[in-house]
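Subject: A structure for you to explore

Hi there,

Here is the structure I promised to pass on to you. Have it open beside this email as you read, and look up each residue as its name comes up.

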Amino acid sequence: MSEFVRNIRLWFAPERVRDEGGTPDYRFSLANERTFLAWLRTALALIGGGFAVDQFLPDLSRPWRVGLALALLAAGVLCSLRAVNHWVRCERAMRRGEDLPASRFPVLLSLVVAVVAVAMVVVVLAGWEG
Amino acid sequence: MTSRRGRTGRDPGLQPERTRLAWRRTTLSGAVVAVLGVRTALHGGASALGITLCALCCGLWLGFLTAAHHRIRALSATTPPPPLAPRRATTAALYAVATATCAAVLVLRAARPA
C-alpha cells in the first residue's frame, strides 16, 4: 500500500521521477506514453459506452440501464487511474533498469467486459420476448 | 519541421510522430465522448442542470485538447523529444475521471422520473 501511495505522490511530482536511475532511451519513454494513451482511449471508450447504454437502449428497464451505465463509467474511471499508475511504474522501472511491472489489470478488465457483454445479450433477448 | 528533423537526424521508427498521432486519436475519442455527453445532457429539453453539465463536458474536452496540444508541440520542438511529465499524464487521466463523474450525474438525473 505504501508503494501505491508513493506512486500517487509521483503522479504530481515530475521532478521526483527523474531523481531515480538514468534516463532511458527516449523511444522507450515514448512507447510507454503511447501505451498510456491507448489505455486512456480504452477508458474513454468505456465512458462513451456508459453514455451509449443510457441513450440508445430506451426499452431497457431503468434499473438495468442505470446499473450497466454506472458499471461502465466506474470501469472507465478505474481504467484511467490505473493507466497513470502503470505509466509511472513502467517509467520508474525503466529508469532503474528493472523488469517492467506485471499486471493483472488487463485480465480483470477483459473479464468485466465479457460479463457485461453476456449480460447485455441476456437483457436484449429477454427484452425482445417480454 | 522536416528540415529541422533533417539537420538533427530523423528517427527511422517515427516515434515522435506516432506519439503525436496517439495524442490526436485520444483527443478524438474524447470528442466522441463529449458529443455523447452533450446529447445526453440536452435529451428531453434543456434544463439548467442539463446546460451546466453540457458546458462542463465541452469544457473538459477543451481542457484535454489543450493538454494534448502542449504535448504535441513539445514532441515536435526538439529531437529527441522531452519525456512526458507525470503531471501532464495525471491531468489527462483526471480529465477522463471528471468526464465519467459528469456522465454519472447525467445518467442518474435521466433515471429520475420527470
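Let's start with the place where the two chains meet: 35 residues of chain A are in contact with 44 residues of chain B. Please keep in mind that this is a predicted model. Chain A and chain B bury about 3,800 Å² between them, and 72% of that area is on carbon and sulfur atoms.

What else joins the two chains? There are 7 residue pairs in polar contact between chain A and chain B, counting pairs with both residues at pLDDT 80 or more. On the side of chain A that touches chain B, the elements that give two or more residues are α1 (2-12), α2 (14-17), α3 and α4 (62-96) of chain A. Which of them gives the most? That is α3(A), with 17 residues.

**Salt bridges**

The interface of chain A and chain B has 1 salt bridge. Its partners are the side chains of A:E33 and B:R71, which meet at 2.7 Å, N to O. Are A:E33 and B:R71 buried or exposed? Both of them are buried.

Over all chains, the whole structure has 4 salt bridges. The pair that crosses between chains runs from A:E33 in helix α3 of chain A to B:R71 in helix α3 of chain B.

Another salt bridge is formed by A:R65 with A:D54, where the closest N and O atoms are 3.8 Å apart.

Next, look at A:E98 and A:R96, whose side chains meet in a salt bridge at 3.6 Å, N to O.

**Aromatic pairs**

Now for the rings. The structure holds 3 aromatic pairs over all chains. In one of them, A:W39 and A:F105, the ring centres are 5.6 Å apart and the planes stand at 70 degrees. Why is this pair called edge-to-face? The planes are at 70 degrees, and an angle over 60 counts as edge-to-face.

Find A:W39 in helix α3 (residues 26-56) of chain A and A:F105 in helix α5 (residues 105-129) of chain A; the pair therefore ties together parts that are 66 residues apart in sequence. A:W39 is buried, with a relative accessible area of 18%, and A:F105 is buried as well, at 11%.

B:W23 and B:F64 form an aromatic pair that is tilted, with 6.1 Å from centre to centre and 35 degrees between the planes. The two residues link distant parts of the chain: B:W23 is in helix α2 (residues 15-42) of chain B and B:F64 in helix α3 (residues 48-77) of chain B, 41 residues apart. B:W23 and B:F64 are both buried.

The charged end of A:R82 sits over the ring of A:W39, 4.7 Å from the ring centre.

**Chain B as a whole**

How many helices and strands does chain B have? There are 4 helices and 0 strands, and from the N terminus on the elements run α-α-α-α. Chain B has 114 residues, of which 43% count as buried. Among the contacts in chain B with a separation of 6 or more, 74% are between residues 24 or more positions apart.

**One last stop**

Finally, go to A:G67 in helix α4 of chain A. A:G67 is partly exposed, with a relative accessible area of 38%. The C-alpha atoms of A:G67 and A:G50 are separated by 9.6 Å, and the two residues are 17 residues apart along the chain.

Enjoy looking around!

Best wishes

Conventions:
Residues numbered from 1 in each chain as written. Chains lettered and ligands numbered in written order. Heavy atoms only, no water. Phe/Tyr/Trp six-rings, centres within 6.5 Å; stacked < 30°, edge-to-face > 60°. Buried < 20%, exposed > 50% of the residue type's maximum accessible area, 1.4 Å probe, protein only. Lys NZ or Arg CZ within 6 Å of the ring centre and 35° of its normal. Contact = heavy atoms within 4.5 Å. Buried area = accessible area lost by both parts, 1.4 Å probe. Polar contact = N/O pair within 3.5 Å; in protein donor to acceptor, adjacent residues only side chain to side chain.
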